[in-house]
Amino acid sequence: MSKSSAEKRDYSVLAEIYDDVMADVDYETWADYIDEIILEHNPEAIDLLELACGTGTIALSLEELDCYTITASDGSPDMVQKAIEKGQKVHSEIDFQTINFLDICLKKKFDVVFMVFDSINYLHTEIDILKLHEQVKNVLKPGGIFIYDFTTPRNSRKAIRFLHNHQKEISSTIRYYRESSFDGKNRIHTNHFRIVKEDPVNKNKSVVSEEKHQQKIYTQAEIEAIIKKTDFTILQAYDGFELRPAHEKSLRITMVLQ
Ligand SMILES: C[S@@+](CC[C@H](N)C(=O)[O-])C[C@H]1O[C@@H](n2cnc3c(N)ncnc32)[C@H](O)[C@@H]1O
């Protein structure tokens, strides 16, 4: 077996199989949830900016509602490329762009900036989280809202059971393995992916690529303490995919800020 197992930049190799890895995620319901939040807190909103959009599934779902103009961005050019390809297939008018959410250089202003699937957990320091809020503030129209979710330590402890040692055949030549661990003391959740691609001609020849993602897991109190240092006001902290307040047993919390 020939191997090339150097670790790759986050969401580069994974981009190719990301939608297969996330096949069980109900993105339509998630898009509907974001729409519900917008209707609740900024019902006149038209211009949306998605940060960390991945392969664009939620943005494409929101576009189907026919009431928003959407810019969707991600820091990984490979993820954005996948999103563009998916968009082209449905003649999407979404403006997909590669943007690091810590350096949002857009002139346009938006009614809503949103970011889902614990993407904020990729920020490991308060300084970076403050920087993100500052960047978002600069592209929001007056009265605009910022929506994002994060996962809690309780979620990491539970999720380990089904995330760890997970493997899946994507096709006859591609499979992946995932190891997942949670360092409860430092609250670091690590997902280590090994993606194996077999050469269709010579099955003994395969290429192994690895990506290790580390997320910092915050409590609601920690996130709210950081938000207090920004110019944003907390409109709501929602539990899961509900429009009811988050609580100490919440696994995922969605913040709505203005
Ligand atoms: C868990 S995925 C979520 C993707 C997408 N929101 C979804 O729901 O499928 C996290 C995403 O955050 C992106 N990301 C991480 N750090 C980023 C940064 N500094 N700027 C922009 N995107 C970033 C990754 O490239 C990845 O696509």
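## What "buried" means here

A residue counts as buried if its relative accessible area is under 20%, as exposed if it is over 50%, and as partly exposed in between, using a 1.4 Å probe and protein chains only. I94 is buried, with a relative accessible area of 9%. You'll find I94 in the loop between α4 (77–89) and β3 (95–98); helices here are DSSP runs of H or I with at least four residues, strands are E runs of at least two, and both are numbered from the N terminus. L49 sits 45 residues away from I94 along the chain, and the C-alpha atoms of the two are separated by 10.0 Å.

A quick word on the model: it is predicted, so local features need pLDDT of at least 70 and side-chain atom pairs count only at pLDDT 80 or more, while totals for chains, interfaces and linings use all residues. Residues are numbered from 1 along each chain as its sequence is written, and side-chain values use heavy atoms, with hydrogens and water left out.

## Helix α2

Take α2, which runs over residues 27–41. Several α2 residues are buried, including Y27, W30, I34 and H41.

Why is strand β11 (residues 252–257) described as largely enclosed by the rest of the structure? Because six of its six residues are buried. In a regular strand the side chains alternate between the two faces of the sheet. In β11, R252, T254 and V256 point one way, while I253, M255 and L257 point the other way.

Two strands pair if DSSP finds at least two bridges between them. Strand β5 (residues 140–151) pairs with β11 in the antiparallel sense over six bridges, with I147 opposite V256. Strand β10 (residues 234–239) is also antiparallel to β11, over five bridges, and there A237 has M255 as its bridge partner.

## Around the ligand

Which residues come nearest to the ligand? They are Y18, Y27, A52, D74 and F101, out of 17 around it, where being near means having a heavy atom within 4 Å. That shell divides into 11 nonpolar residues, five polar and one charged.

Now for polar contacts, which here are pairs of N or O atoms within 3.5 Å. An oxygen atom of the ligand lies 2.7 Å from a polar side-chain atom of Y18, and a ligand oxygen is 2.6 Å from a side-chain N or O atom of D74.

Note on methods
Expected span 1.5 Å × (residues − 1). Polar contact = N/O pair within 3.5 Å; in protein donor to acceptor, adjacent residues only side chain to side chain. Nonpolar A, V, L, I, M, F, W, Y, C, P; charged D, E, K, R; others polar.
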